[in-house]
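Subject: Structure handover

Dear colleague,

I am passing on the structure below, and after it you will find what came out of going through it. Please read the notes with the coordinates open beside you.

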Amino acid sequence: MALIADAVLLVHFGVVIFIAGGLVLVPLGDKLGWGWIGHKRLRIIHAGAMTFVALETLMGLTCPLTVIENYLSGMNVSESFISYWVKRIFYYDFPVEYFATFYMICLAWTLAMWKLFPPRKVER
């Protein structure tokens, strides 16, 4: 089970990197002329993920990936190397209000990027 828990943790970490990276890479890529950053489908997925995170926090829900990680981790006593370090980087013990405020600011920035750096139609 530890291997599955680590896999879920890494997927979760990847989702966080995707969302956080998009907040920075969209404006940077727009200014540097990176065509892929304006891909509409990519931007929709990014905005949807950020909206999901913000809304689940506002509603007081725990991320489904966190629930799965916790369930799988509880089934074993030992912790793997990957799990140990990713959890140290990934999880913080702050009040939920801090996260809700931060996520709402990130969501506002994500929505503002649609106006400031609009997605472009990508030619195939």
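In this predicted model, helix H1 (residues 2–32) packs with helix H3 (residues 64–74) at an angle of about 160°, and their axes lie 9 Å apart. Because angles over 145 degrees count as roughly antiparallel, H1 and H3 are roughly antiparallel to each other. The crossing in which H1 passes H3 is left-handed. On the H1 side the contact is made by Ile-4, Ala-5, Val-8, Leu-9, His-12 and Val-15, while H3 brings Leu-65, Thr-66, Ile-68, Glu-69, Leu-72 and Ser-73 to it. Sorted by class, the residues of this contact between H1 and H3 are eight nonpolar, three polar and one charged.

H1 also meets helix H2 (residues 40–58), where the two axes come within 10 Å and cross at roughly 125°. That angle makes H1 oblique to H2, and here too there is a left-handed crossing as H1 passes H2. The residues of H1 that take part are Phe-18, Ile-19, Gly-22, Leu-23 and Val-26, and they meet Leu-42, Arg-43, Ile-45, His-46, Ala-49, Met-50 and Val-53 in H2. By class, the contact of H1 with H2 consists of nine nonpolar, two polar and one charged residues.

As for the chain overall, its secondary structure comes to five helices and zero strands, so that, read along the sequence, the pattern is α-α-α-α-α. Of its 124 residues, 28% count as buried.

Leu-107 is found in helix H5 (residues 96–116), and with a relative accessible area of 10% Leu-107 is buried, because the cut-off for buried is under 20%. Once its neighbours within four places in sequence are left aside, Leu-107 is in contact with Met-50, Thr-51 and Ala-54; of these, Met-50 is also among the H2 residues that meet H1. Leu-107 and Leu-55 are 52 residues apart in sequence, and their C-alpha atoms are 9.6 Å apart in space.

Lys-121, by contrast, sits in the segment after H5 and counts as exposed, at 81% relative accessibility. Between Lys-121 and His-39 there are 82 residues of separation in sequence, and the C-alpha to C-alpha distance is 6.7 Å.

Finally, a word on the cysteines: how many disulfides does the count come to? The count comes to zero disulfides, under a rule that asks for a pair of cysteine sulfur atoms within 2.5 Å. Cys-63 is buried, with a relative accessible area of 16%, and Cys-106 is buried as well, with a relative accessible area of 9%.

Technical notes
Residues are numbered from 1 along each chain as its sequence is written. This is a predicted model: local features need pLDDT of at least 70, side-chain atom pairs count only at pLDDT 80 or more; totals for chains, interfaces and linings use all residues. Side-chain values use heavy atoms; hydrogens and water are left out. Axes are lines fitted to C-alpha atoms, for helices over the stretch in contact, and angles run from 0 to 180 degrees between N-to-C directions. Helices (H or I, at least four residues) and strands (E, at least two) are DSSP runs, numbered from the N terminus. Angles under 35 degrees count as roughly parallel, over 145 as roughly antiparallel, 65 to 115 as roughly perpendicular and the rest as oblique. A crossing is left-handed if the near helix is turned anticlockwise from the far one by less than a right angle, and right-handed if clockwise. Contact means heavy atoms within 4.5 Å. Ala, Val, Leu, Ile, Met, Phe, Trp, Tyr, Cys and Pro count as nonpolar, Asp, Glu, Lys and Arg as charged, and the others, Gly among them, as polar. Buried means under 20% relative accessible area, exposed over 50%, partly exposed in between (1.4 Å probe, protein chains only).
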